[in-house]
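Hi,

Here is the structure I promised to pass on.

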Amino acid sequence: MTDAAAIVAIDQGTTSTRALRLEADGRAHVVHAVEHAQSYPRPGWVEHDPEELIRNIRACLEAAAANPADPGVAAIAIANQGESCLAWDAETKEALSQVIVWQDDRTHADVARLKAEGAEAEVLARAGLPLDSYFSASKLAWLLRTLPQARELLERGRLRLGTTDAFFLDRLTGRAATDVTTASRTSLLDIERGAWDPTLCRLFGVPMEALPPVVPTTGDFGAVEVAGRAVPVLAGVVDQQAALHGHGCRARGDAKITFGTGAFALMVTGTEPLRAPDLGLLPTIAWKKGTAPADYAVDGAVYSAAAAVNWARGLGLFRTYDQINGFEHAPAIDRGLAFVPALSGLACPHWSRGARGTWLGLGLDSGAADMMQALLEGVALRAAEVVAAMETLSPIAGAVSIDGGLAANPYFRQFLADTLGREVTIPAGGELTGLGAAQLAAEAAGLPIAHGTAAECIAPRADGAAWRARFAEAIALSRRWADTLPEEETDR
């Protein structure tokens, strides 16, 4: 990069908003971070306040340019939560709803109805995604159906329905748009053409005219006023694809797992989408840089990773994170104790929203440490299920790169390497989502990019095959238990 200015990336995530600066000398560092409230108004509902998110983004941008000696910010990149969405007024830019977060399951019954009507094959063929309330389409339809003001604005040609990135851009730059990576997570995008699909929009009941335009990952997204100066936004990208880029994954077979609120594994697959619905893997667009062809990836999700750890902390199973960095006893699963982290259901490769979190093998001698050991192992074993599905589709090239809070836990990352049976690398810095978004904006600005290198490599020290087999039994029991619950308990 030149010595003229830095790139600022806004990482607007599920629990916080962060500003990362990629400096002219290649250093990347977080300059501001602020958490936002999580709202759970009903069972299965998860919401954010869109005004709070906008305030936090503005605060992060101002903090990133607060130094009077700063030579300036050359460009901005925005990474977003992905499937989280809302409705707003295209003219006033005022939000009509709370943000419905990707974890939200309020449309479970709507999705079940569509499945019963035989719609899943159409969605898989066009969007490459299974029918699931995780994705945005059913949420957007729910907003239109339940908000009288949304229907009124639709009749007047003023309704906007979309993911949070389009709302942020509309408020910050006056130009609503969503990039192809985010659009590929809605169930409304034709995965081959990279454009909204009229058939899918009709199927879900989402008016295509209310959706924002779909644009490449890098390009002109408008400008934001920062410290009295208009700064161009040159990249918009969904968070997991930003992290994939930040990990340095570029070639087919390069894979990463981000252990955040959930665990999200992505592997680069090239310029054609690979479909594997039988494996529970999702084709997705990795990025589209300007006019170049899109690069694709496959995606496998674990709904609860750090969310499960924080839930257990709230129950009082531990107080400080250093308490779960290591354990006195052999792996819990070797001792017959297992935890299935299906606190929001199971994603890849099972796609069972009805499954529930399950501890198996508890006895009078089981303590809080044993339960936490099993919980960490359960998250690692779920990630191993996703990686095994990817390996069936296409070989993974070498080590798996990981990031997120759990990547800092010594017990977890060693157990993960053992479970995967392959090396795990942890890149330096740790802020891979912001770094990847900043790199994309730097490329769009024509600035040279400094790529990071792996700071640490964890080699496997045990054979995890027996663990994976025993965990498969735990998964089956968790799913069978869900099948015995009354209908109203699973269709929240």
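**Notes on the model**

Setting aside neighbours within four places in sequence, Arg 382 is in contact with Ala 301, Val 302, Pro 341, Leu 346, Ala 347, Cys 348, Pro 349, His 350, Phe 471 and Ile 475 (contact means heavy atoms within 4.5 Å). Before going on, some ground rules: this is a predicted model, so to speak of local features we need pLDDT of at least 70, and side-chain atom pairs count only at pLDDT 80 or more, while totals for chains, interfaces and linings use all residues. Residues are numbered from 1 along each chain as its sequence is written, and side-chain values use heavy atoms, with hydrogens and water left out.

Back to Arg 382, which is found in helix α11. Helices (H or I, at least four residues) and strands (E, at least two) are DSSP runs, numbered from the N terminus. Arg 382 counts as buried because its relative accessibility is 1%; buried means under 20% relative accessible area, exposed over 50%, and partly exposed in between, with a 1.4 Å probe and protein chains only. Gln 98 is 284 residues from Arg 382 in sequence and 31 Å from it in space, C-alpha to C-alpha.

Next, the core. The largest nonpolar core has 111 residues, and those with the most contacts inside it are Leu 188 and Phe 259. Helix α11 (residues 368-393) gives the most to this core, with 14 residues. By nonpolar core I mean a set of buried Ala, Val, Leu, Ile, Met, Phe, Trp, Tyr and Cys residues joined through side-chain atoms within 4.5 Å. Apart from that one lies another core, of 28 residues, among them Leu 61, Trp 88, Leu 169 and Val 224.

Phe 259 is also worth a look in the strands. Strand β15 (residues 255-259) and β21 pair in the parallel sense over four bridges, and in β21 the bridge partner of Phe 259 is Gly 404. Two strands pair if DSSP finds at least two bridges between them. On to β22 (residues 424-427): two bridges join this strand to β21, and the two run parallel. Here Val 400 has Val 424 as its bridge partner in β22. Strand β21 (residues 400-404) has four of its five residues buried, so it is largely enclosed by the rest of the structure.

Thr 258 lies in strand β15 too. At 7% relative accessibility, Thr 258 counts as buried. Not counting residues up to four places away in sequence, Thr 258 touches Gln 240, Ala 243, His 247, Ala 263, Phe 264 and Asp 403. Two of those names bring us to helix α9 (residues 239-246), where eight of the eight residues are buried. After α9 comes Gly 248, with a positive phi near 85°.

A cavity is a set of points on a 1 Å grid over the protein atoms alone where a 1.4 Å probe fits but cannot get out, and lining residues have an atom within 4 Å of a point. The lining of the largest cavity includes Leu 140, Thr 178, Leu 188 and Trp 196.

Best wishes

How values were computed:
On a 1 Å grid over the protein atoms alone, a cavity is a set of points where a 1.4 Å probe fits but cannot get out, and a pocket is an open set with protein on both sides within 12 Å along at least five of seven lines; lining residues have an atom within 4 Å of a point.
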